[in-house]
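Trainee: I am new to this structure and would like to go through its side-chain contacts. Could we look at it together?
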Amino acid sequence: VQLQAFGGGLVQPGGSLRLSCAASGSILRINTMDWYRQAPGKQRELVAGLITGGSTDYRDSVKGRFTISRDNAKNTVYLQMNSLKPEDTAVYSCYVAGISLDYRGFSSWGQGTLVTVSS
């Protein structure tokens, strides 16, 4: 299973960006779709998670500003980021886990997309 992420870039504080991550390959079912980020000199952290059934989870610092969603028909997960702050600057990566067509579990990471929040 391959993941391809899009949507990063440079945005001013207070601005918005939408990241997308499309999964392709031998997919029977996707159970988990997450967004992580890693800022320079810091550890990777979970930003938002979405599991089958629609349950979502956000780290406290992005609650009320970020929204994770998915399009099941396209095997795509999105991260809408509003009211961006300089501390949101990081490389954002998607993570997907599920079941492949041969009924084996899989997990994959996207290549990462850089989000820079700066005036």
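**Rings, charges and a disulfide**

Mentor: Let us begin with a charge over a ring: Arg 44 lies over the face of Tyr 36, 5.9 Å from the ring centre. Please keep in mind that this is a predicted model.

Trainee: Which other ring has Arg 44 over its face?

Mentor: Arg 44 also lies over the face of Trp 109, at 3.9 Å from the ring centre. Ring pairs join Trp 109, Tyr 36 and Tyr 95 into a cluster.

Trainee: How many aromatic pairs does the structure hold?

Mentor: There are 3 aromatic pairs.

Trainee: Is Tyr 95 buried or exposed?

Mentor: Tyr 95 counts as buried because its relative accessibility is 19%, and the cut-off for buried is under 20%.

Trainee: Changing topic, which residues does the disulfide join?

Mentor: The disulfide joins Cys 21 to Cys 94, with an S to S distance of 2.0 Å. Cys 21 is in strand β3 (residues 17-24) and Cys 94 in strand β9 (residues 90-100), so the link ties together parts 73 residues apart in sequence.

Trainee: And what is the handedness of that link?

Mentor: The link of Cys 21 and Cys 94 is right-handed, with 60 degrees about the S-S bond.

Trainee: Are these cysteines buried or exposed?

Mentor: Cys 21 counts as buried at 1% relative accessibility, and Cys 94 counts as buried at 0%.

Notes:
Residues are numbered from 1 along each chain as its sequence is written. This is a predicted model: local features need pLDDT of at least 70, side-chain atom pairs count only at pLDDT 80 or more; totals for chains, interfaces and linings use all residues. Side-chain values use heavy atoms; hydrogens and water are left out. A disulfide is a pair of cysteine sulfur atoms within 2.5 Å. Helices (H or I, at least four residues) and strands (E, at least two) are DSSP runs, numbered from the N terminus. Buried means under 20% relative accessible area, exposed over 50%, partly exposed in between (1.4 Å probe, protein chains only). Rings of Phe, Tyr and Trp (its six-membered ring) pair if their centres lie within 6.5 Å; planes under 30 degrees apart count as stacked, over 60 as edge-to-face and the rest as tilted. A charge sits over a ring if NZ of Lys or CZ of Arg is within 6 Å of the ring centre and within 35 degrees of the ring normal.
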